[in-house]
Every structure is written in C-alpha cells, then in structure tokens.
Amino acid sequence: MPGLVGIIRSKTLPVLTPDVKNNPYAIAMKFPDESARLFDGELKLLLMDGAWHPRRLAYSNDVIAFALPGSLKIVDAIPLFELVEVVNMSDTDVVHTSPSIDEEESDSKSVKVNRTQKKSGDSNKVKFRHAVQLCTKTEGDGYNSGRQYIIQARNEQEHKKIIKDLTRLSKLATDKFLAKSQFEKAQEITRHYYKSTSFQIFVAVLIVANFAATATDAQLGPAGLDNSDGSKNGVGLFLQDLDSAFTAIFTVELLINMFAHWFMPFFSDMWCMFDLFIVSMSLISLGPVDLPASILRCLRAFRVLRLFARIKAVRQIISALSQSIVPVMNSFLIMGICTCIYSIMGVSFFRETAPDDFATFDRSFYAMFRVIAGETWVDSLRKTTEDGGLSMPDVCFVFSFIVIINWILLQVSVAVLLDKFITATADMEAEERGKEVDELKRKEPSNTLDPLLQALTRDYIDEDDLSNRLKTLFRVCTCRNVSHLCNIVHAERCLVLIVLSLVVSAEVVIVLN
C-alpha cells in the first residue's frame, strides 16, 4: 500500500537575514505563475484539528504552494531550497497521529478523521487507511518552524510523480541556494570592508595625492617635464609612472566596489557610474589609444571629483542640486524668454542710436545678459540728453529690465532653488534614517508574534482600546476557536498565543490597579 512521503529540512543551511530587496523567502509569498508550475492540482491536507481539508497544491522549481480550491491566494508554502530529503513512508506507522477518512462535514468542508482500531502494545501508533498519501516534515528553524505536512494524493500515478519531482527539485533548489548564499556572504564581507572608514580614508588620500600630482604636472608644463629632444626627463618619467600606479590602484578599487554592490546597486548609482567612466578613460589612455596631453590632464583633474562620493555632506549637496535642476530650469526659461523680448525691443528701439550693442538680435541678447551678470548699464545707450536731462527711453528700458529680471525673476529662481534644495535634503535625510532603522530591524531577532506584540504594546490609543484588543485576542484564543486557529498557525504558536494573552492581560490588570 503506497503511503507517505517525508520532506525534511536541512539543519546545515545558512540562515540569511531577509531584507526588502533580496529576500530568500520571497518565493514563498506568491503563488507560482502558470508558466512556472510543474504540478497544479487539488489534494487533501491534514491539518492539526485532525481533519482532511481540500487544498490547491502547486509547485515550481522554487516552492511548494498551498491555496484554497479555485483560488490563487497563497495560504501556506514550503521553499524547496530548504528541503533535503523526500522519503516514501508507504505502510509506515505515524506517531501521535491517528486520522483515517470516514465522513465529511459540510459546514467546515473538511473530511473528519477517526482513529483506526489500535493493536495491543501499539498505543501511540496508528495507520492511515487511505492507499496514497504524502507526508512532509520541515525543520524547526526554517520557514515553516517545524510544521509537519501530510498530503493525500488522488491516485498512484500522481503520488509517484510528486515523489519524483520533489526529490529532484529539492536537491537542485538547495544547491542553487547554497551557491547563492556563498556569493552573497562574500559580497557582504567585501561590502563591510569597502564601506569602512579606514578604507574610505585611504582612497580619499590617494585621490588627493593624485590631484596634487596632476597640479604639479600642469605647473611644470612641457618645459619642466621634457628634455630638449622631446623625451621625458626624470621628473616627467616619475609623474608618468605615478599616474600609471594611481590608475592601477583606482581600477582595483573600482573592481572591489563592483563586486560588493553587484549588479543593480552599482549601475543604478550615479557616483559609481562616474567612477566607471573616469577609470575607463584612464585605462584607455594607457592602452593603444594615444590621447592628447590636454585631454589626459583634464581626465586626471576630474579624478578629484570622485572624492565627493566619499564625503557625505558634499554628496548630499550635489544630489540635492541635481534634484533641483528641473524646477530651477523652469524659472530660467521664464528669464530667458523675458530677456529675448527685451533683446527684440532693443533692436527695434536702439538699432540706429546704439548699433554697437543693438544692431542685431545676438548683440542685443549679449548686452542684456551682461546686465544680468552684474553690469549696471549698457555702454552704447545714452544716460542724458544734450541739454543735460535724463534720456528717459534709454533709462526706462534699462531700469525696467533690471527690476523685472535682476530684482524679481532672478530672486524667484534662487528661492525655487533653495526650496527644492531644502526639500531634497530633508528627503535624503529621511531616507538615510529609514535605511538605518531597517538595518537595525534586520539585526534584531524577530518572530511571528512581533506584529501582535507591537499591536498590544505600542499601537493602542488608550486603556479602553487596549482592553478591547485583549478581549479580541481572548475571543480568538477560546477553546471553541482553537481548532480554527490551528488551521492558520502551528500548534505550539497557538499555545504561546494563549499564554501570551494571559500574561499581557495580567500585566494590564496590575498596571490599571
């Protein structure tokens, strides 16, 4: 008589701390896509209330998923990377379990399980009467916290398929997970040392030293670096070798950064991409491509900008400025349009009297831009008339332009820049605080009851609200609902929940009294 299959979790698997972006258990939070399902059918699952419940079971290369019949909403799952053995328990006694299929209860839509006749000397063991069954076990420190699954297949062929598939898939998933875990562990160690203060200070010192060498090269020039025959002298050769050494060191540092933050964290970061561009151009200059000395000198000078990525305050300023560009450009667009209008007016009114600045549109625009830049007057325009009075057309033209552009629109642009800068800075600081909080949460031990504890100890409004929450908890944990609760959580967690409610209630009574 074909019977049970056991699936046991490995105790040797590394425990990874789940995070938002790379959660190894994320596969257990979503029902497998239709294209990824290797099996999808309605079987029966023995729950801890001693009854068989119909469940939709589907498994892919990564997960065994359970859902209600006809539904895609996942109610339970077993990640395949934690399964290490699938055992056929045909004709095997099951300890402390005594269900057999006899009758069906319409209100619960489950099949009640009755005990078979026990043999003498076998008081703790019973046999399943149904011919085809599947039993799964999970390790206590895994995703399902030691829960045992007993599944009833529909026929012999389905039973054999499940055994064969899960045996093969569990091994593949475990090997894949272990390989990925080793890579992520190496990444985490590398990232820890790369982000350390000592390493960043070391790289910053190298950047400053490289900038000093570049400034020395620019100061000496060809006259101080080349011989009369055009070859490099001693100082020139030293600076050239020093530049090659800096390029090699920065290349190694870039490779370490790429490995520590591979893949998207690296290529989605603006500063990492800037480092990649600068180092790549430096390597090209050392290769077969012979770049002009002026371009090489500029590339070496730009290396100092990599220092900004290592100074948090400067990095925040530049990031905030980059986020403020679009709103400020709108203000600049208004200023540009007004300047163009005044340029056309200048050509129309002063082409004959001031041809040096207003003969054409480009000259007129240049004259207006000089006023924006700080000049107080357009030289070719008259300030006074022949009789000593003010030349009102010229004076009104320049004064109105200064008031509208310099005193109003330019100040508005600065105000928009400051407002967006402050907002962007506050958002970045909030994001940094959020990351720190998430990091602390990942380091703190957590369990399934944490949301309940938080709801009882932190999120209540007043004493009446806390009392109502405790009453709700007791209502869920009453004896008549324990069997329903066992369909959702494990038996030991149900017991912990009841004890917790009693303890919390006692503490609340003490506090209130």
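Visitor: Which residue is the bridge partner of Asp40 in strand 3?

Guide: The partner of Asp40 in strand 3 is Ala58. Strands here are DSSP runs of E with at least two residues, helices are runs of H or I with at least four residues, and both are numbered from the N terminus. Keep in mind that this is a predicted model, in which local features need pLDDT of at least 70, side-chain atom pairs count only at pLDDT 80 or more, and totals for chains, interfaces and linings use all residues. Residues are numbered from 1 along each chain as its sequence is written, and side-chain values use heavy atoms, with hydrogens and water left out.

Visitor: In which sense do strand 2 and strand 3 pair?

Guide: Two strands pair if DSSP finds at least two bridges between them. Strand 2 (residues 39-46) and strand 3 (residues 51-59) are antiparallel, with eight bridges. Their hairpin has four residues between the strands, and there Gly50 takes a positive phi near 80°. Strand 2 also pairs in the antiparallel sense with strand 12 (residues 148-152), over three bridges; Leu45 has Ile151 as its bridge partner in strand 12.

Visitor: At what angle do helix 8 and helix 10 pack?

Guide: In general, two packed helices are described by the angle between their axes and the distance between the axes. Axes are lines fitted to C-alpha atoms, for helices over the stretch in contact, and angles run from 0 to 180 degrees between N-to-C directions. Helix 8 (residues 325-350) and helix 10 (residues 361-373) pack at about 125°, with axes 8 Å apart. That makes helix 8 oblique to helix 10, because under 35 degrees counts as roughly parallel, over 145 as roughly antiparallel, 65 to 115 as roughly perpendicular and the rest as oblique.

Visitor: Which residues make the contact of helix 8 and helix 10?

Guide: Contact means heavy atoms within 4.5 Å. Among those of helix 8 are Met335, Tyr342 and Val347, and helix 10 contributes residues including Phe361, Phe365 and Met368.

Visitor: Where is the cis peptide bond?

Guide: The bond runs from Trp262 to Phe263, with omega near 10°. Phe263 lies in the loop between helix 3 (234-260) and helix 4 (264-267).
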